Amino acid sequence: MSRFSDSMDSISLDDAVNRVRGQFDGRILSAEEIDAEYRIRVLTGNGKVRRLRVDPATGEIIRRRR
């Protein structure tokens with residue numbers, strides 16, 4: 001379980017994955033908590049892998065890498 005899930009002001013890793021799933025058309029390859037952020041990899045419909053970093057406190061994508 002994520003250490004962030006206990007706080008009322010943060011979202012769980014599952015919630016972050018669901019938000020990413022709603023914004024990107026593709027398949028979730030991995031999702032993990034590293035260095036106080038969530039890192040999620042998505043395989044897009046055109047075959048590219050997107051690496052996303054999500055702020056657990058807000059649920060906002062804070063960095064996108066291709």
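**Notebook: salt bridges, helix and core**

I began with the charged side chains, and found that Arg 39 and Asp 35 meet in a salt bridge, with 3.6 Å from N to O. I note here that the model is predicted. Asp 35 is exposed, at 63% relative accessibility, while Arg 39 is partly exposed, at 23%.

Next I looked up what else Arg 39 pairs with. Arg 39 also forms a salt bridge with Glu 37, and the closest N and O atoms are 2.9 Å apart. Is Glu 37 buried or exposed? I found Glu 37 buried, because its relative accessible area is 10% and the cut-off for buried is under 20%.

Glu 37 has another partner: its side chain meets that of Arg 53 in a salt bridge of 3.4 Å, N to O. This pair links distant parts of the chain, since Arg 53 is in strand S3 and Glu 37 in strand S2, 16 residues apart. I then searched the whole structure and got 3 salt bridges. Asp 35, Glu 37, Arg 39 and Arg 53 are linked in a network of them. As a reminder to myself, side chains of opposite charge can pair when their charged atoms come close.

**Layout of the chain**

I counted 1 helix and 4 strands in the protein chain. In sequence order the pattern reads α-β-β-β-β. The chain has 66 residues, and 27% of them are buried. Among contacts with a separation of 6 or more, 27% are between residues 24 or more positions apart.

**Strands S1 and S2**

I checked how S1 and S2 run, and they pair in the antiparallel sense over 8 bridges. Which residue of S2 is the bridge partner of Gly 26? I found Thr 44 there. The hairpin of S1 and S2 has 2 residues between the strands, and Asp 35 takes a positive phi near 50° in this hairpin. That is the Asp 35 I had already seen in a salt bridge with Arg 39.

**Helix H1**

Helix H1 covers residues 13-23, and I found Ala 16, Val 17 and Val 20 buried in it. They lie on the same side of H1, because they cover an arc of only 100° around the axis. The general rule I wrote beside this is that an α-helix has 3.6 residues a turn, so residues three or four places apart point the same way. On the other side of H1, I found Asp 14 and Gly 22 exposed.

What covers the buried residues of H1? The cover includes strands S1 (26-34), S2 (37-44) and S3 (49-54).

**The core**

I listed the largest nonpolar core, which has 10 residues, among them Ala 16, Val 17, Val 20, Ile 40 and Leu 52. H1, S2 and S3 each supply at least two residues of this core. In soluble globular proteins, nonpolar side chains tend to be buried together.

Ile 28, which has its place in strand S1, touches Val 17, Val 20, Arg 21, Ile 40, Arg 41 and Val 42. Last, I looked up Ile 28 and Thr 44, which are 16 residues apart along the chain and have C-alpha atoms separated by 8.8 Å.

Technical notes: Residues numbered from 1 in each chain as written. Predicted model: local features only at pLDDT ≥ 70, side-chain atom pairs only at ≥ 80, totals over all residues. Heavy atoms only, no water. Buried < 20%, exposed > 50% of the residue type's maximum accessible area, 1.4 Å probe, protein only. Arc of directions from axis to C-beta. Contact = heavy atoms within 4.5 Å. Core = buried A, V, L, I, M, F, W, Y, C linked by side-chain atoms within 4.5 Å. Pairing = 2+ DSSP bridges. Salt bridge = Lys/Arg side-chain N within 4 Å of Asp/Glu carboxyl O.
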